[in-house]
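Please read them with the model open beside you.

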Amino acid sequence: MCGIVGYVGEKRAQGVVVEGLRRLEYRGYDSAGIALVHDGRLAVDKRAGKLANLEKAIADDELPPASVGIGHTRWATHGPPTDRNAHPHPGREGRVAVVHNGIIENFAELREVLEDEGHELISETDTEVAAHLLEREVSAGVDLTTAMQRVCRELEGAFTLVAVDAADPSRVVAARRNSPLVVGIGEGENFLGSDVAAFIEHTREALELGQDQVVTITRDGVSVTGFDGTPAEGRRYHVDWDLSAAEKDGHDWFMRKEIYEQPRAVADSLLGRRTPTGALHLDEVRISDEELREVDKIIIVACGTSFYAGMVAKYAIEHWTRTPVEVELASEFRYRDPILNHSTLIVAISQSGETADTLQAIRHARTQRSKVLAICNTNGSTIPRESDAVIYTHAGPEIGVASTKGFLTQLVACYLLALYLAQVKGTRYGDEITEIMDQLEAMPAHIQTVLDNDSAVYELARSHVDTRSVLFLGRHAGYPVALEGALKLKELAYLHAEGFAAGELKHGPIALVEEGLPVLCVVPPRGRDQLHDKMVSGIQEVRARGARTLCIAEEGDTAILRYADELIPLPKVPVLLQPLVAVVPLQLFACELATALGHDVDQPRNLAKSVTVE
Ligand code: F6R
């Protein structure tokens, strides 16, 4: 939520900052702004709306050729998305400028103090108080680094702040608490960004910062301290993807590119998980086998799409390990006073690793002595850093706001965790685990088969441009897939879309069914249980009431033919792994329908990637 960029070096800062903002725009696009330091003065330009508005303004305003600058792309919290509320915010005399991500919870009282001192604050944001406080400090004679340390000690809440001082063009100073910030280390230049995409074009060397730290970048150096001024060290790492991963590569949307990257992302997430003897090996799990054997309950906490990955995980973990699993929305978790102890394992699933609700949930769990294992796609992010163990997914950067390859690779990590627990607890024989791993390793090819059939799904999507409502039905592991399909359609096509467990339909939701209503049905594979047949009954029930049934079913499923108005075939795979292929047509459907409706698929209205406020 909100993208932040800082630069000091030899290049023209305007280009570096605007390019960084372009790569971070997926984090928020309510407004954008830039502040440059040149000849002892600040030049600030900011505009409501997308970055393109700022770029147009900059072209007219001709900013100075500064080599120090900061920039911001906003997801509004305090105050509507207007020019005035756009960041950067200058201090009282226009000497300091600040950009901010997060929420300063005690801003109202700080504002009152400032106003009593005669400060005039002109925006409705919480950020402006930080600008005034910083400027008050530097005007009193301290440098910007010391000013930042002092001000941060006064602030409550979650924040990343990045600031420049017109009187000191040598440095950009930033601070973080519960909000993301990384340093990019270059030669003769250094960078700050909400994530590495901000500077990936210039350097792949990064520095991860800890909680409550202040960082100062100059052309030649980076120094880190705590809020109390004591020297600290960041963790240096090399980013293992490059600029091409942050480009659309010929696709119209990042989301579409990311859908087609899924076979590779799944394969990469499975790589290196088996030892030469065939045993499963998850090297980032820093919880001993003994501790894992003692786990008698697992609680999965996550939000949105990641929550649906957790719902699939419940089926797999319980089936393979016989350990009870609860899946809980992270935003609800700590408020219900959950029963936790040292034998409860918390699994936190988060693509970004920065989701505030999930972060607060794991912090609560750790105070209750529970161990936390994170499933995460973002190296160096807060959730894995604060967990006892982490399974990294290897999806590469996910830039489309709607999660796609993030979801599939989370599923893979959940399966791996389930099998690893089965191995440790001895609930499955080695050859059974090997067989499931073989099936998992065949999944990239199956996902590719679904993608190769994209034109049929696209045609189906385009034929629904006049639709106002779509229902999604699923059973068992197909139920979370139905929920995920509905979420994708809501967030991208802005349609009423709801997912239901097919068996629950007759307990109320079937009243929604009317003549011509499209109902997307995720049909389980035929097996020894009655899942498939029960699903067919559910499909018959909605069809009898006039629904148009769009069925996603295993190839060769002749039983479904009579009841499907449209049929999208899936490769034959085991029921627990079917979500990996069944969700793909739903992603393609939502992406194409939103495109046909003329929506911005990568930047859906009101949303932002990485939800860093509760
Ligand atoms: C939907 C989507 C969101 C995220 C949710 C959690 O397409 O992307 O629902 O899944 O905000 O985000 P992470 O996984 O980063 O914690």
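This is a predicted model: local features need pLDDT of at least 70, side-chain atom pairs count only at pLDDT 80 or more; totals for chains, interfaces and linings use all residues.

1. The chain is divided into three parts: domain 1 (3-244), domain 2 (254-441) and domain 3 (454-596).

2. How many cavities of 30 Å³ or more does the structure hold? It holds one. The volume of the largest cavity is about 70 Å³. Its lining consists of C2, R74, W75, T77, H78, H87, H100, G102, T125, D126 and T127. Sorted by class, this lining has two nonpolar, seven polar and two charged residues. Finding such spaces rests on a simple idea: a probe the size of a water molecule, rolled over the atoms, shows where empty space is left.

3. A cis bond. One of the residues lining the largest cavity is H87, and the peptide bond from H87 to P88 is cis, with omega near 0 degrees. P88 sits in the loop between strand 4 (68-74) and strand 5 (89-90). This bond deserves a look on the model, because most peptide bonds are trans.

4. The largest pocket. The largest pocket contains about 780 Å³ of space. There are 39 residues in its lining, and those closest to its centre are W241, N377, T378, N379 and P397. Which domains each give at least three residues to this lining? They are domain 1 and domain 2. Strand 15 (235-238) and helix 7 (262-270) each supply at least two lining residues, and helix 7 gives the most, with three. The classes divide into 13 nonpolar, 13 polar and 13 charged residues.

5. The second largest pocket. This pocket has a volume of about 620 Å³. Its lining has 27 residues, with C303, G304, T305, A608 and V611 closest to the centre. At least three lining residues come from each of domain 2 and domain 3. Helix 9 (304-321), strand 18 (344-350), helix 11 (356-367) and helix 17 (478-493) each provide at least two. Helix 17 gives the most, with four residues. By class, the lining has 10 nonpolar, 11 polar and six charged residues.

6. The nonpolar cores. The largest nonpolar core has 92 residues, of which W320 and L489 touch the most other members. Helix 13 (residues 405-425) makes the largest contribution to this core, 15 residues. Domain 2 and domain 3 each give the core at least three residues. Setting aside residues up to four places away in sequence, L489 touches V470, F472, Y494, L495, A497, F589, A590 and L593. Another core, of 35 residues, lies apart from this one, and its members include Y7, V16, L54 and A198.

7. E554 belongs to strand 24 (residues 548-554). Is E554 buried or exposed? E554 has a relative accessible area of 9%, so it counts as buried, the cut-off being under 20%. Beyond its neighbours within four places in sequence, E554 is in contact with P525, R526, L570, P571, K572 and V573. E261 is in the loop between helix 6 (254-260) and helix 7. Because its relative accessible area is 23%, E261 counts as partly exposed.

8. Positive phi angles. Most residues other than glycine have a negative phi. D39 has a positive phi of about 50 degrees, although it is not a glycine. D39 is in the loop between strand 2 (31-38) and strand 3 (41-48). With a relative accessibility of 70%, D39 counts as exposed. N606 is not a glycine either, and has a positive phi of about 70 degrees. N606 lies in the segment after helix 20 (579-596). N606 is also exposed, with a relative accessible area of 62%.

Definitions and conventions. Residues are numbered from 1 along each chain as its sequence is written. Side-chain values use heavy atoms; hydrogens and water are left out. A nonpolar core is a set of buried Ala, Val, Leu, Ile, Met, Phe, Trp, Tyr and Cys residues joined through side-chain atoms within 4.5 Å. Buried means under 20% relative accessible area, exposed over 50%, partly exposed in between (1.4 Å probe, protein chains only). Domain bounds come from an automatic or database domain assignment. Contact means heavy atoms within 4.5 Å. On a 1 Å grid over the protein atoms alone, a cavity is a set of points where a 1.4 Å probe fits but cannot get out, and a pocket is an open set with protein on both sides within 12 Å along at least five of seven lines; lining residues have an atom within 4 Å of a point. Grid points are joined across faces, edges and corners, and a volume is the space filled by probe spheres set on the points. Ala, Val, Leu, Ile, Met, Phe, Trp, Tyr, Cys and Pro count as nonpolar, Asp, Glu, Lys and Arg as charged, and the others, Gly among them, as polar.
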